[in-house]
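Subject: Structure for you to look at

Hello,

Here is the structure, with notes on what turned up in it below.

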Amino acid sequence: MSDIISPLPGIFYRRPAPDKDVFVQEGDLVDAGQTIGIVEIMKQFTEIQATTAGRIGAFQVEDFGTVSPGDVIVTLSTDGLR
């Protein structure tokens, strides 16, 4: 298991724009470096990326949820992927 954490405070978004699909859903396989969401602070958007390959577990932050530095956004399962 590996946690993807927020590097900064702000609002977490699961999609690139209101009319777009979410970056990833629970259960999706992701590659290291793949964008899983964005954090917005003062109209500046920062992509949040998977730090390792794995399967997306449960999101710990809701879409449009507030995050602080170090908050877990999602748990990534790496079991059986090697």
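Aromatic rings and strand pairing

Phenylalanine 59 counts as buried because its relative accessibility is 10% (buried means under 20% relative accessible area, exposed over 50%, partly exposed in between, with a 1.4 Å probe and protein chains only). This is a predicted model, in which local features need pLDDT of at least 70 and side-chain atom pairs count only at pLDDT 80 or more, while totals for chains, interfaces and linings use all residues. Residues are numbered from 1 along each chain as its sequence is written, and side-chain values use heavy atoms, with hydrogens and water left out.

The count of aromatic pairs is 3 (rings of Phe, Tyr and Trp, the last by its six-membered ring, with centres within 6.5 Å; planes under 30 degrees apart are stacked, over 60 edge-to-face, the rest tilted). One of them is a tilted pair of phenylalanine 12 and phenylalanine 59, with 6.2 Å between centres and 35 degrees between planes. Phenylalanine 12 lies in strand 2 (residues 10-13) and phenylalanine 59 in strand 6, 47 residues apart (strands are DSSP runs of E, at least two residues, numbered from the N terminus). Phenylalanine 12 is also buried, at 0% relative accessibility.

The charged end of arginine 14 sits over the ring of phenylalanine 59, 4.0 Å from its centre (NZ of Lys or CZ of Arg within 6 Å of the ring centre and within 35 degrees of the ring normal).

Strand 6 (residues 54-59) runs antiparallel to strand 3 (residues 29-30), joined by 2 bridges (pairing takes at least two DSSP bridges). Strand 6 also pairs with strand 8 (residues 72-77), antiparallel over 3 bridges. Arginine 55 is the bridge partner of leucine 29 and stands opposite serine 77.

Regards

Technical notes. Helix = DSSP H or I, 4+ residues; strand = E, 2+ residues; numbered from the N terminus.
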